[in-house]
Amino acid sequence: MKIAVLGGDGYCGWATALHLSARGHRVAIVDSLVRRQWDDDLGVQTLTPIRPLAERLRVWQDLTGNTIEFFVGDVTDYDFLSATIERIEPEAVIHFAEQRSAPFSMIDRQHAVLTQVNNVIGTLNLLFAIRELQPECHLVKLGTMGEYGTPNIDIEEGYIQIEHNGRKDVLPFPKQPGSFYHLSKVHDSHNIMFTCKVWNLRGTDLNQGVVYGTATDEVELDEALINRFDYDEIFGTVLNRFCAQAAIGHPLTIYGRGGQTRGFLDLRDTVRCVELACLHPAEPGEYRVFNQFTEQFSVRELASLVQLAGRKMGLRVAVDHLPDPRVEAEEHYYNAKHSKLMELGLKSHLLSDSLLDSLMNIAVRYRDRIDPSLILPKVNWRQARNERNQPASATAAAPVPSHGFSRDSLP
Ligand code: NAD
Ligand code: USQ
């Protein structure tokens, strides 16, 4: 297939582009490289030293003989995006190209606006470009499990049958997102659903859980292909953060009571899920939603698993409960369905199999690059930075104070 990977210089996008290229698809990456700029602006950096995009692609070509084209530009710029889609003529577009950090979107008004403009306008532009230039093309869009929030009922895959005043209908599952970032994904979902209906587009929304790991078969071929591994408070996701923390002897930063439960998946399953969605496209006019995760864990459970893994490697791993900087349920019911990708043939990697080799080893290998000052949370959901009388840098905000070390006893 001819596949455009928007956001192909990022964490999920880079691994996906290589995976699809290795499988014989013709891949083109579209990315503005803005994420590298945001890292610089915030003074954060990936644990793993990623190479410039052009160099990564040259190494990939030398190793495999496969060429991945790349187009550097911003998907919120319609002239750029439409010219690029016209040039690539993709059968599928995988859209990863968004600002994807919840804390980033909660720093202040500017970051909230940047997030929603970047994400909502980018997706809207893409919908128009597909309609105008490639109407048969299948849009595979990365959504998030966080669109649903944590309702006190089972979470279905996109839709729920409701009976109300004696009448029944199948309706979109209620959305209760927990940040301006997660809200942007809900807005995207509505725009995609609407345009599938009115323009007969084909859309798949992949409501992805929290991704962990950094290695895939392709990324591991050469040091120059290494993928990013974020551990800072803004872009680091919880399990990657815990592994980096364990590697340097920093107590694991559980926010609040740690009963927050989410769906998780290995990056190796992300790339496979996205390929499965491309190989089994939605019908014209169809808007489908797949819940893309493989296992559920509470933050507390993850901390225990990291403690155990660390102990096996001879690391002493302590746990700290910080006051939760976010507004979220710290204990709640959570049972989310995730069978549609399994039905398409997904064979998942389980956390228990991969944690030690794929995560802890990498964290330990690069631990000299960890800046401990980037670990404690500074962005607070209740106190978005005020525009007046405040320091210009997000990282200049005061860290959320720790209770001191209320270390959990080891299981
Ligand atoms: P990332 O920040 O590593 O990568 C995103 C890429 O998109 C970056 O290379 C960035 O430069 C590019 N980009 C952003 N805005 C752009 C624009 N306007 N024009 C062109 N390029 C732009 O993020 P990621 O972790 O790879 O996430 C990719 C997608 O998957 C996001 O949509 C995210 O919401 C979703 N997702 C990620 C996770 C996770 O745990 N990482 C979980 C669920 C969903
Ligand atoms: N958490 C901690 N300690 C930490 C970091 C996080 O306890 O040091 C907690 C958070 O409070 C939250 C949970 O862990 O309850 C998950 O936080 P996260 O930062 O790992 O994930 P989140 O903010 O939800 O965002 C990430 C990605 C986002 C994606 C989302 C999937 O950055 O792009 O959409 O995971 S989901 O969570 O299913 O919405």
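Me: What should I keep in mind about numbering and confidence before I start?
Reply: Residues count from 1 along each chain as its sequence is written, while chains are lettered from A and ligands numbered from 1 in the order written. The model is predicted, so local features need pLDDT of at least 70 and side-chain atom pairs pLDDT 80 or more, whereas totals for chains, interfaces and linings use all residues; side-chain values use heavy atoms, leaving out hydrogens and water.

Me: Let's do charges. How many salt bridges does a search of the whole structure find?
Reply: Opposite charges on side chains can pair when the charged atoms come close. The search gives 22 salt bridges, each being a side-chain nitrogen of Lys or Arg within 4 Å of a carboxyl oxygen of Asp or Glu. One of them joins Arg-51 to Glu-55, 2.9 Å from N to O.

Me: Which parts does the Lys-185 and Glu-98 pair tie together?
Reply: Those two form a salt bridge with their closest N and O atoms 2.8 Å apart. Lys-185 is in helix H7 and Glu-98 in the loop between strand E4 (92-95) and helix H5 (102-105), so parts 87 residues apart in sequence are tied together. Helices (H or I, at least four residues) and strands (E, at least two) are DSSP runs, numbered from the N terminus.

Me: Is Lys-185 buried or exposed?
Reply: Buried, at 4% relative accessible area; Glu-98 is buried too, at 9%. The cut-offs are under 20% for buried, over 50% for exposed and partly exposed in between (1.4 Å probe, protein chains only).

Me: And where do Lys-141 and Asp-188 lie?
Reply: Their side chains meet in a salt bridge, 3.0 Å from N to O. Lys-141 is in strand E5 (residues 138-144) and Asp-188 in helix H7, so this pair ties together parts 47 residues apart in sequence. Lys-141 is buried at 1%, and Asp-188 is buried at 0%.

Me: What does Asn-119 touch, apart from its neighbours within four places in sequence?
Reply: Asn-119 contacts Glu-98, Gln-99, Tyr-181, Ser-184 and Asp-188, where contact means heavy atoms within 4.5 Å. Asn-119 is in helix H6 and buried, with 0% relative accessibility.

Me: Now the rings. How many aromatic pairs are there?
Reply: A ring pair is described by the distance of the centres and the angle of the planes. There are five aromatic pairs here. Rings of Phe, Tyr and Trp (its six-membered ring) pair with centres within 6.5 Å; planes under 30 degrees apart are stacked, over 60 edge-to-face and the rest tilted. Phe-128 and Trp-199 have centres 4.9 Å apart and planes at 70°, so they are edge-to-face. This pair links Phe-128 in helix H6 with Trp-199 in helix H7 (residues 180-199), 71 residues apart.

Me: Which charged end sits over the ring of Trp-199?
Reply: That of Arg-131, 4.5 Å from the ring centre. The test wants NZ of Lys or CZ of Arg within 6 Å of the ring centre and within 35 degrees of the ring normal. Arg-56 likewise lies over the face of Trp-14, 4.2 Å from the ring centre.
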